Amino acid sequence: MNFDITRILKDWKYESDAVLVRRFVGEDGDEKIQLRIDLGLLHMNVRGKPDGEDSYFAIELARLQTHQAENAGDDDGFILTAERCSDLQREAIQYHHRYICLLQLEEYSLVIQDTDHAQRIFEFVERYAETVELAWALNQTRPQMLMIRTRGIAEQCLDKGDRDGAISAVDAGIVRIREFFKERDRSELIEISDEIDSLEEWRAELSAESDGQ
């Protein structure tokens, strides 16, 4: 078996200033996404968990349900250890890679679907992580997810010709990111948030385009 993918990489040059994504049907008949990165490529399934394996999150939800069944519906005493948080973080990162790709591919409904999944992981870890530090290790990436989700929702509005709806969606996204930092006593991060800056710049562009019509 030849494991060398040099030819594939030579035919698909990496560009540092672009998100290079392609979608195709794999040999198993399922749709795949590939993301070109500097050291090679990421290969993901379009449906289900990106790596095609069982979902860690589903496993943890089942573990919580078992715990509740054994404790009269109470979740007291249910915790996520560092190892379990790490597993969930890996899953969230996989979804992060995929919803970035899906945004580039203009698959906005799938972007929202994947960011919904990531959001549930963030909330689950924040509630049950053994320590605040473990929860924040994952939660600090939530603003990136909220930005991508906002873009997906706004792009859906633009596809329908609803520019005002898109602007409203961007406004709501900015507010949500600000609230995220405030709710966690990290208001100092608002002024240096790349995600807020990016959305504010896009909002200005949308408003200028709207005024020019």
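Predicted model: local features only at pLDDT ≥ 70, side-chain atom pairs only at ≥ 80, totals over all residues.
Reader: What is the secondary structure of the chain made of?

Author: The chain holds 8 helices and 3 strands. Reading from the N terminus, the order is α-β-β-β-α-α-α-α-α-α-α. The C-alpha trace spans about 60 × 55 × 30 Å along its principal axes, and buried residues account for 40% of the 213 residues.

Reader: Which residues of helix 5 are buried?

Author: In helix 5, which covers residues 132–139, they are Ala 135, Trp 136, Leu 138 and Asn 139.

Reader: Why are the buried residues of helix 5 said to line one face?

Author: Look down the axis of helix 5: the buried residues fall within an arc of 160°, so they sit on one face of the helix.

Reader: What covers the buried residues of helix 5?

Author: The cover includes helix 3 (82–104), helix 4 (108–128), helix 6 (142–159) and helix 7 (163–183).

Reader: What makes Trp 136 count as buried?

Author: Its relative accessibility is 17%, and the cut-off for buried is under 20%. Trp 136 therefore counts as buried.

Reader: Why is the pair of Trp 136 and Phe 180 called stacked?

Author: Two values settle that. The ring centres of Trp 136 and Phe 180 are 6.0 Å apart, and rings pair if their centres lie within 6.5 Å. The angle between the planes is 15°, and planes under 30 degrees apart count as stacked. The pair also links distant parts of the chain, with Trp 136 in helix 5 and Phe 180 in helix 7, 44 residues apart.

Reader: How do you know that the pair of Phe 180 and Phe 181 is edge-to-face?

Author: The centres of these two rings are 5.4 Å apart and the planes stand at 65°, so the pair is edge-to-face; the cut-off for that name is over 60 degrees. Phe 180 is buried, at a relative accessible area of 0%, and Phe 181 is buried too, at 6%.

Reader: How many aromatic pairs does the structure hold, and which residues do ring pairs link into a cluster?

Author: There are 6 aromatic pairs in the structure. Ring pairs join Phe 57, Phe 78, Phe 124 and Tyr 128 into a cluster.

Reader: Where is Asp 75 found, and what does Asp 75 touch?

Author: Asp 75 is in the loop between helix 2 (56–70) and helix 3. Leaving aside residues up to four places away in sequence, Asp 75 touches Leu 64, His 67, Gln 68, Arg 127 and Tyr 128.

Reader: Is Asp 75 buried or exposed?

Author: Asp 75 has a relative accessible area of 14%. The limit for buried is under 20%, so Asp 75 is buried.

Reader: Which residues line the largest pocket?

Author: The lining consists of Val 19, His 96, Ile 100, Leu 103, Gln 104, Gln 144, Met 147 and Ile 148. The volume of this pocket is about 160 Å³. Helix 3 gives the most to the lining, with 4 residues, and helix 3 and helix 6 each supply at least two.

Note on methods. Residues numbered from 1 in each chain as written. Heavy atoms only, no water. Buried < 20%, exposed > 50% of the residue type's maximum accessible area, 1.4 Å probe, protein only. Arc of directions from axis to C-beta. Contact = heavy atoms within 4.5 Å. 1 Å grid on protein atoms, 1.4 Å probe; cavity = no way out; pocket = protein on both sides within 12 Å on 5 of 7 lines; lining within 4 Å. Points joined across faces, edges and corners; volume = space filled by probe spheres on them.
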